[in-house]
Amino acid sequence: MKPEEMRIMLATDCGSTTTKARLFRKIRDEYRFVCTGEAPTTVEAPYEDVTMGVRNAVREVEELSGVKLLAEKGIMVRDNPEGDGVDLYATTSSAGGGLQMMVFGVTKSITGESAERAALGGGAIVMDVVSTDDGVPLYKKVERTRQLRPDMVLMAGGTDGGAIPPVIQAAEILRIAEPKARFGAAYSLPVIFAGNIEARKHVETTFKGMFALRIIDNLRPSVELENTDPSRDAIQQLFMEHVMSHAPGYDKLMTWTEVPIMPTPMGEGMMFQTIARLRGINVIGVGLGGATTNVYSVFDGKFVRTVSANLGMSYSICNVLREAGMQNIIRWTPFDIDEGTLGDILTDKMIRPTTIPQTIEELIVEHAVAREALRMGLAHHKFLARGLRGVRPPETLDDVFERKAMGTESYINMLRISLIGGTGGLLSHAPRRVQSMIILMDGFQPEGITRLVQDSVFMMPHLGVLSTVHPEAALEVFEKDCLVRLGTCIAPRGIPEKEEEDVMKVEMTMPDGSLRTESLKIGNIIRVPLDVGETAQVVITPNKECDVGEGPGQKVQTSVQGGVAGVILDARGRPLRTPTDRAEMKKLLLKWFRAVDMYPGETLERFEKVVS
Amino acid sequence: MLPITGEVLVHEGDAVSHDTIVARTHVPGDVNMIPLFYILGVEPYELPRVVLKKEGETVQKGELLAITKSFFGLFRTEYRARYGGTIELISDITGMVGIRDFPVPINLNAYISGKVSKVIPENGAVVQTLASFVQGIFGVGGERHGEIMAIAEPQVELTPDMIDKSCAGKILMGGSLVTADVLKKAEAEGVKGIVTGGIRRVDLTKFLGYEMGVAITGQEETGLTCIITEGFGRMTMAKHTYELLRSCEGRLASINGATQIRAGVIRPEVVVPYKESEVGEFKEEEDALAEGMYPGTRVRIIRQPYFGAIGTVDTLPAELQQLESESWVRVMTVKLDDGRVVTVPRANVEIMEE
């Protein structure tokens, strides 16, 4: 069936814990999201068959929509427009821990880093990066490689025509470690070689047929060039051919759909790329999950995805605590909580990951952890989202004196990010949408004028895989049903020299023609109601030390979009200023929460009484 | 199950005790990489000529592995192997030689006493036993074996003075909280395990010597196994759990603290096997978990503000209700054992098997 003839489509995502089914339908002239069904994923014992969870989730959709979807074996795909079933079924998967890869390179900061970016872009979790110059003793590298059981290995190394021995040394580590594939030892581990073309035959000889070797174009043919697309394609192909076909029940699931199964993060990433492409803007996206935090960026057309494998809100919540440190989490709570109690609350959440906060205090604690997971996730992302290392830029006289090292800093300039999008359980289930907005703002610290959006009911992966067949339908649903417009944040970069000076003055012409003027000093935040679909004209005059996009002190005149949380004028400082004095910080937090109506008034009053 | 295939030493129907070796294998040794070209001062391509062995052959520690001769044989450099093992690699490109240590034998114990009900060829065996079984919520330390000994009532905090020489080799049970000091004292006295209601995260960190990030445990190098039945913080051990373990006092138990929350949940366990002659007619009970929740089901609340409270499901309203946190979720009302009726999210309770 041609895409334009499709009227009803079903997509599933087989997650680590839950399998989520989403039904989409053409209603009159537009494609819309219809309903959702969810069921526990059944990849693990005792079921060991992913299709059971898929059937259970789809059955829920069947019951809710009244559309017959399940065939005796698989999903009912109809051959005529009047019949039962769907016109298209597609799925993504991250069950069983998703696609787990090891990458090898020669130089850690050059080919190692490029290989890591390529694997992450292909939707993988990178278990380890091994490079010949990483300073780790050889026997340790071999030991580590042996212990891990990846689904796939990506091996880069050497520019075309460069030295061969270092590339072969990396291959030798792999050969003698002989890592076993995760899903059973019965099949050969897929290994992609994307290194020096002149080393190909030596790599083949070294491996002696031990692995399912795929040789593709060098992902770093020269120091100045990174070519990750062939690697990404090969990863996707091998994911289907080798990994998926050996995961429990996937052999069956693959026969249910003609569309290749896609790793969940790849689907998610595709939608963030779509927003950036269609609107011609720079975007940062985040998937804040229970186990991982995926961060996506599209900056000046360059797409990068990173996954912080142990930063999450349930399974990995204690790792956030460990990495961020107790005090960094406590600083976001406006009430007294000792380190011991906080540690116990979070460890209990880790061992019982499906529980939900019942009290406001516990909700605030989870929101505090989320901010830190986002902060660290973005820091990790920026580490990989940087220029190619090893490239010597054309030197100017200034460079000679300053010895600027190109590629050591991230190219992501928050002032030039126009949109931040979030997805994941904590954000979707936040009782007030403004909570998601503030959590994203505090975690990512947008600068200038930035729109914030979130996924309504977690359907970005579904739309990502759908877009490979029917991009128009995916886009229509994305715009109309997936994106929740949270609002716009206006936050100048920089801090005034004197406390008594304004950070910015904002004049807003509201949709009804009224004029609203706000002057904000450091440490203040104001929420201006402006509904979804509404626009306000703004003139922002920043302090001479502050920048909203046109340079320090430069006035900006533009229009801003509303959202469920409205427009937030944020003069809390960039970088965000959080006092180290606990009493001062609690007071400030309560002031911010009040200003944006983040939590119920009576609860804040209770906290305020204690603080004062 | 063995980590890799090997030889199974028992047969179906064999009686085994916890320390019977049921299967055996040899795990390949680690690989030692030697930059031999550098040591000998030769080019990598010359390596196959100067090394006296071929890939796949074995070499003993101290055995002559390579000789180079120069200046018409007048100067000679020898290399004697620093490691014994199998030669895995002689690379004429990188000049490296890889020697894999000799295989390490691994024995697999039965872990519990009982009867072999099934042999899994080349991998292991299934041992069946009639037993009392307690599943904990979190643990550290691997498989251990010992006699059960009660040391405290369920609501009592454990203190170091409760542990003395009489506890050596025992699995101690009871109490609401174990501290790092108690665990260290127990370790020093040769205690095999402690099963208790709760532990504080700070004490766990102090005992382990590092902060736990993700809940994958069982491999800790601790002198004892610790199993927590309720959760983190001070938690009175559930009455039913306490009474069951108390009834097993003096019996030999197998315990394992291994816990894994993600990708195939594993919870720690206490298994107290019985001899067939000790058990009357075996009666299959209904599986409370399979039945799901209904009014009358016994549940434990696993999140604040009623964490640890035990009660009976009172009602299961179909419509969503708003919590104090303002979330709209499916809830239930629970009649607590102290007579209060409270509303909690359905996600925040667990069914108790009694």
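Reply: Happy to. I284(A) stands opposite I420(A) in β14(A). This is a predicted model, in which local features need pLDDT of at least 70, side-chain atom pairs count only at pLDDT 80 or more, and totals for chains, interfaces and linings use all residues. Residues are numbered from 1 along each chain as its sequence is written, while chains are lettered from A and ligands numbered from 1 in the order in which they are written.

Me: Which strand do five bridges join to β14(A), and in which direction do the two run?
Reply: Strands here are DSSP runs of E with at least two residues, helices are runs of H or I with at least four, and both are numbered from the N terminus. Two strands pair if DSSP finds at least two bridges between them. The partner joined to β14(A) by five bridges is β11 (residues 283-288) of chain A, and the two run parallel.

Me: Which residue stands opposite G422(A) in β15(A)?
Reply: β14(A) is also joined to strand β15 (residues 448-455) of chain A, by four bridges and again in parallel. Opposite G422(A) in that strand stands Q454(A).

Me: How many of the five residues of β14 of chain A are buried?
Reply: A residue is buried if 20 or more other C-beta atoms lie within 10 Å of its own, exposed if 12 or fewer, and partly exposed in between, with C-beta atoms placed from the backbone. In a regular strand the side chains alternate between the two faces of the sheet. Here both faces are covered, with L419(A), G421(A) and T423(A) buried on one side and I420(A) and G422(A) on the other. For strand β14 (residues 419-423) of chain A, the buried count is five of five.

Me: Why is one side of β3 and of β10 of chain A left without a neighbour in the sheet?
Reply: These strands belong to an open sheet of five, ordered β3-β2-β1-β4-β10 in chain A, with mixed pairing. β3 (30-40) and β10 (262-263) of chain A stand at the edges, so one side of each has no neighbour, because each has a single partner strand.

Me: What is the bridge partner of S93(A) in β10(A)?
Reply: Strand β4 (residues 88-93) of chain A runs parallel to β10(A), and two bridges join them. The partner of S93(A) is P263(A).

Me: Which helix supplies the largest share of the side of chain A that touches chain B?
Reply: Residues are in contact if their C-beta atoms, placed from the backbone, lie within 7 Å, and 45 residues of chain A are in contact with 43 of chain B. Helices that each supply at least two residues include α9 (317-324) and α12 (360-384) of chain A. The largest share, seven residues, comes from α11(A).

Me: Is T205(B) buried or partly exposed?
Reply: T205(B) lies in helix α4 (residues 201-208) of chain B. Leaving aside neighbours within four places in sequence, T205(B) is in contact with Y210(B) and E211(B). With 16 other C-beta atoms within 10 Å, T205(B) is partly exposed.

Me: Which element of chain B has the lowest mean pLDDT?
Reply: pLDDT is the predictor's confidence in each residue, from 0 to 100. Chain B has a mean of 90, with 95% of its residues at 70 or more. Where pLDDT is low, the predicted coordinates should not be read in detail. The lowest mean among the elements of chain B, 55, belongs to helix α6 (residues 288-291) of chain B.

How values were computed:
Contact = placed C-beta atoms within 7 Å.
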